[in-house]
Amino acid sequence: LFLMLLIKMGLKIPLPDVLFILVSLLPLIFIPLDLFLMKIREKNPSLAINSYFVYIVSEILILAFVINFIGGIAWIGLTFYLFYIITSFWVFPRSQAFFVTVWIIFVSLIFIWGTYAKIFPYLDLFSIEKRGVGNFPFVFASAVVSLTILGFLAYSSDSFSRLLEKAMEE
């Protein structure tokens, strides 16, 4: 939220207020779920995984609206789904991970078609003319997204490597 506020006020990028509401929903939903998961994780791991699965599926829908509001379907917004796909294959059984992947594809296609059909509003933060290396807000936003994705991939790779090392020791 702080980064969004910085982008909106500091870089004068016209982020809609509804975007702040949507992004605020994510921690408001996740914090109670996290407390619930911490309580039941040991007693009922299956319920914990299924509860987290329902949360992820819901969060993907909220994220789709966020991506749409930032013009992500025509920019790099769809790459945010990489986090969910990679994490799903780490956390969930294969069938649920595949469902998350198919859900992401389905939701993305609905938003792409809905935007094309003018059913969903579309805000293009960076028009074609503003997408260049000479436009600091575009370069900054692109760098933040790209570096975040690279950081997450590095973290995921390290976690996977540690899991393999642990499994080989056992």
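Helices H3 and H4 are roughly antiparallel to each other, a term that applies to angles over 145 degrees, where helices are DSSP runs of H or I with at least four residues, numbered from the N terminus. In this predicted model, local features need pLDDT of at least 70 and side-chain atom pairs count only at pLDDT 80 or more, whereas totals for chains, interfaces and linings use all residues. Residues are numbered from 1 along each chain as its sequence is written, and side-chain values use heavy atoms, with hydrogens and water left out.

H3 spans residues 45-69 and H4 spans residues 81-91, and the two pack at an angle of about 170° with their axes 11 Å apart; axes are lines fitted to C-alpha atoms over the stretch in contact, and angles run from 0 to 180 degrees between N-to-C directions. The contact (heavy atoms within 4.5 Å) involves Ile49, Tyr52, Ile56, Glu59, Ile60, Leu63, Ala64 and Ile67 on the H3 side, and Tyr81, Tyr84, Thr87, Ser88 and Val91 on the H4 side. These residues comprise 10 nonpolar, 2 polar and 1 charged, where Ala, Val, Leu, Ile, Met, Phe, Trp, Tyr, Cys and Pro count as nonpolar, Asp, Glu, Lys and Arg as charged, and the others, Gly among them, as polar.

Tyr52, which lies in H3, touches Phe30, Leu33, Leu37, Thr87, Val91 and Phe92 when residues up to four places away in sequence are not counted. The C-alpha atoms of Tyr52 and Leu37 are separated by 7.9 Å, although the two residues are 15 residues apart along the chain.

Note on methods: Parallel < 35°, antiparallel > 145°, perpendicular 65-115°, else oblique.
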